[in-house]
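User: I would like to learn how to read individual features in a structural model. Please give me the general idea each time and then the case at hand.

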Amino acid sequence: MSTCGGTSITQLQAIDPDGEPLIFGVVGEEAMRYFAVQETTGVVWLRQPLDRETKSEMEVEFSVSDSQGVVKNKVSIQIGDVNDNAPSFLNQPYSVQIPENTPVGTSVFMVNATDPDQGAGGSVLFSFQPLSPFFSIDGARGIVTVARALDYETTTAYQLTVNATDQDKRRPLSSLANLAITITDIQDMDPIFTNLPYSTNIMEDAPPGYEVRRIRAIDQDLGRPRGIGYTIISGNTNSMFALDYISGSLTVSGQLDRENPLYSSGFTITVKATELNDDRTPSSATVMTTFTILLIDKNDNPPRFNSSEYRVLIPELAQVGFALPLYIQVEDKDEGVNSMFQVVLTGNNSEHFSISPTSVQGRADLRVRVAVPLDYETIRSYSFSLYANESLSEHVGFARVFIDLINENDNRPIFSQALYNISLLESTAVGTSLLQIKATDNDIGTFGVVRYYFSDEPDQ
């Protein structure tokens, strides 16, 4: 608009030769809407504002009259431009979808705004308000470009405000428009396991089908996350566990036993999670983790001796404390208090021998020792029962011990009397039986046979 309503814009001038007063006016309906003339002075003013952008030139007919008649004259009025229009955005609303892997520097949209003003007032400059670190806009052309790598998992949409400003330095006008940029997800991220670390303890008698734990992984691509398939890669000794491909349920599939050397240290299973395509085939997006499983001991093993019976020969002169040459080992394969037991040697005359240790946890080498002096002539052999008793009555270890004594020549012959006196006649014939001397030996066998002879050695 060049001039506001009520403003004087010019003055009409005319001369009447007769000196009569003149009356000024404006002719036509359109002209009368915009212009008015003071009848006596000819001053022209605006009734309402003009708009160059609607009509840049008007032809107005003015009149002047006296008593003799009316004279009309057309005047061409050029409407000059002022910066009275803000830029106007076209084709709103603005929205666009782009994939998250759109390269930096890619043009993704172009905004358009026009300003009907002329010159600097009609030249539009674009900018973001406020500035965006992820997008830039060409100030002259309105082309929006990716300025930084995008990530759907970080931000799924951007709401940008575009400012269109004309370049009139004296009176710049501007308009705002919203640009909605939606980021679409692509499958660019591997899955991740949740609720890590995976580690658990289970009873060694957990039955087949028992669920150890449910493993879970998720697709980090949040736009349209894919399903996950689970598999065991390694560490599943003897296939003791099964992993459901879809649900991730890890279950026992075999008979566990903590006392089995293969399982005593537990299991470290490597599990792989794979993102699945729509047809359930595996994709290339995978992740792996380990699952540690330890077996909790149950008191399910009795003590056991390394043999069901033990036999030994020892001399009857074995000293008290002598350790019999027996290799006796006893073991309870359970753990901790479940492997504690007592060792007992029992049977007729078992007090003649001792055994140690009597209290055992886990495993021990047992020693049987002579507890009292032995005598082959009194007891030639022993037969004992060896028990390993646990707190559970049904958990008992048992073995037999057989000890035979070796006879030793450990007894002197003893005469029936200490002194034999006889009287002989000098006429006693040679070969005459004079006396029977008797001696006994408590030893048995050849060691108990007594032979008699005369000795010149003095009695000791």
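User: Which residue lies over the face of F134, and at what distance from the ring centre?

Analyst: A charge sits over a ring if NZ of Lys or CZ of Arg is within 6 Å of the ring centre and within 35 degrees of the ring normal. In this predicted model, R148 lies over the face of F134, 5.2 Å from the ring centre. R311 is placed over the face of F402, at 3.9 Å from the ring centre.

User: On what basis are such values given, and how are residues counted?

Analyst: The model is predicted, and local features need pLDDT of at least 70, side-chain atom pairs count only at pLDDT 80 or more, and totals for chains, interfaces and linings use all residues. Residues are numbered from 1 along each chain as its sequence is written, and side-chain values use heavy atoms, with hydrogens and water left out.

User: With which residue does R311 form a salt bridge?

Analyst: A salt bridge is a side-chain nitrogen of Lys or Arg within 4 Å of a carboxyl oxygen of Asp or Glu. R311 forms one with E309, the closest N and O atoms being 3.1 Å apart. For exposure, buried means under 20% relative accessible area, exposed over 50%, and partly exposed in between (1.4 Å probe, protein chains only). R311 is exposed at 54%, whereas E309 is partly exposed at 37%.

User: How many salt bridges does the structure hold?

Analyst: There are eight salt bridges. One of them joins D138 to R141, with the closest N and O atoms 3.3 Å apart; D138 is partly exposed at 26% and R141 is exposed at 52%. Another pairs E259 with R258 at 3.1 Å between the closest N and O atoms, and both E259 and R258 are buried. R258, E259 and D297 are linked in a network of salt bridges.

User: Is S132 buried or exposed?

Analyst: S132 has a relative accessibility of 16%, so S132 counts as buried. S132 is found in the loop between β11 (124-128) and β12 (135-137); strands are DSSP runs of E of at least two residues, and helices are runs of H or I of at least four, numbered from the N terminus. A polar contact is a pair of N or O atoms within 3.5 Å; within protein, one must be able to donate a hydrogen and the other to accept it, and residues adjacent in sequence count only if both atoms are side-chain atoms. The side chain of S132 reaches the backbone nitrogen of F134 at 3.2 Å and the backbone nitrogen of F135 at 3.2 Å.

User: Which strand does a hairpin join to β5?

Analyst: The hairpin runs through two residues and joins β5 to β6. β5 and β6 (69-78) pair in the antiparallel sense over 10 bridges, with F62 opposite N73 in β6. β5 (57-66) also pairs with β2 (23-27) in the antiparallel sense, over five bridges.

Technical notes
Two strands pair if DSSP finds at least two bridges between them.
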